[in-house]
Amino acid sequence: MTKTIAAQAVAGAALSLSGLHKRYGEIRAVDGVDLTIAPGEVVALLGPNGAGKSTTVDIMLGLSRPDSGEVAIFGKAPREAVLSGSVGAMLQKDNLRADVTVGETLAIVAALHGRPERAAETMRQAGIDGIAGQKCGKLSGGQKQRVRFAIALVSEPDFLVLDEPTVAMDVEIRRQFWQSMREYTSRGRTVLFATHYLAEAEEFADRVVMLRAGRVIADGTVAQVRSAVSGRTLRAVVPGASADQLAGLPSVTGLELRDGRAVLSCADSDRTLRALLAAFPAAHDIEIAAVNLEDAFLALTSEENL
């Protein structure tokens with residue numbers, strides 16, 4: 001039986017998901033997700049396409065009903081939490097009216113929340129006060145994303161949910177967006193953001209939750225998720241080396257070779273390095289680094305692990 005009642009929520013949690021399942025025909029979009037987020041956490045939700053991120057977000061916002069499981073936001077059912085203004089959401093769906101200006105859009109949303117005075121301040125927070133007079137249909141992709149961000153902020157929510165927030169933003173607008181996010185989270189608000197930009201997760205998230213095939217496969221700090229994948233990465237310029245020669249070095253589990261620069265994934269980097277220098281004494285510009293979040297993501301979400 002489907003439940004979204006607060007009685008089963010984890011005490012004090014900003015978000016509590018328990019035993020969520022959602023199928024579309026034969027596809028298990030969400031397959032037993034359990035997740036608890038404490039107030040004040042900034043959590044990145046990661047996973048390849050089809051991992052269940054957007055479906056999980058839709059369920060927690062009450063936009064989709066799970067086949068089974070429980071959802072609570074600050075102890076409330078999703079719809080109740082959204083209507084109360086406790087939750088703000090920035091989704092990928094293009095829900096902006098093309099013939100309405102940015103300022104009019106924010107004024108309407110602010111009025112619906114009973115906070116008409118918030119429209120101007122929210123536009124300033126989101127960095128869109130300079131385009132208030134433009135019609136939404138004339139905005140670039142990055143500008144539309146910032147308008148959606150402003151809409152999510154109007155009610156001053158305690159929990160902000162962002163689904164691929166920086167898609168279509170250029171480098172400068174993306175930098176400005178995360179500056180706004182830092183200001184928002186500095187006041188102890190809770191944020192869950194789904195993203196394909198792993199560098200953003202690595203830099204801004206307190207915690208990473210990784211999905212694959214509708215299930216949580218990793219949950220912890222960036223350091224903890226990286227540590228789930230053993231090994232290190234060895235980079236070096238290796239004149240005259242072929243891919244087959246480098247792949248044959250001890251403890252090498254993967255490699256890239258381009259124009260003499262090799263990137264070797266190693267189970268035991270010390271052993272690999274000794275063998276590399278013995279076979280190619282001219283090797284230089286050697287670097288050894290721990291696995292980064294992208295390496296961990298690729299390893300944990302690979303088809304071999306399904």
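Strand S11 pairs with strand S12 (residues 261-266) in the antiparallel sense, over six bridges. Helices (H or I, at least four residues) and strands (E, at least two) are DSSP runs numbered from the N terminus, and two strands pair if DSSP finds at least two bridges between them. This is a predicted model, in which local features need pLDDT of at least 70 and side-chain atom pairs count only at pLDDT 80 or more, while totals for chains, interfaces and linings use all residues. Residues are numbered from 1 along each chain as its sequence is written, and side-chain values use heavy atoms, with hydrogens and water left out.

Axes here are lines fitted to C-alpha atoms, for helices over the stretch in contact, and angles run from 0 to 180 degrees between N-to-C directions.

Strand S8 (residues 207-212) is mostly covered, with six of its six residues buried; buried means under 20% relative accessible area, exposed over 50%, and partly exposed in between (1.4 Å probe, protein chains only). In a regular strand the side chains alternate between the two faces of the sheet. In S8, Arg207, Val209 and Leu211 point one way, and Val208, Met210 and Arg212 point the other way. Strand S3 (residues 42-46) pairs with S8 in the parallel sense over four bridges, and valine 43 has arginine 207 of S8 as its bridge partner. Strand S9 (residues 215-220) runs antiparallel to S8 and is joined to S8 by five bridges. Leucine 211 stands opposite valine 216 in S9. S8 and S9 form a hairpin with two residues between them, and alanine 213 in the turn has a positive phi of about 55 degrees.

Next come the helix pairs that share H5. Helix H4 (residues 118-126) packs against helix H5 (residues 141-153) at an angle of about 135 degrees, with the axes 9 Å apart. H4 is therefore oblique to H5; angles under 35 degrees count as roughly parallel, over 145 as roughly antiparallel, 65 to 115 as roughly perpendicular and the rest as oblique. The contact (heavy atoms within 4.5 Å) is made by Arg118, Thr122, Gln125 and Ala126 of H4 and Arg146, Phe149, Ala150 and Leu153 of H5.

H5 also packs against helix H6 (residues 171-185), at an angle of about 10 degrees with the axes 12 Å apart. H5 and H6 are therefore roughly parallel to each other. Arg146, Phe149 and Leu153 of H5 meet Ile173, Gln176, Phe177, Ser180, Met181 and Tyr184 of H6 in this contact.

Finally, histidine 196 is in the loop between strand S7 (190-194) and helix H7 (198-204). Histidine 196 counts as partly exposed because its relative accessibility is 40%. Not counting residues up to four places away in sequence, histidine 196 touches Gly47, Pro48, Asn49, Lys53 and Glu164.
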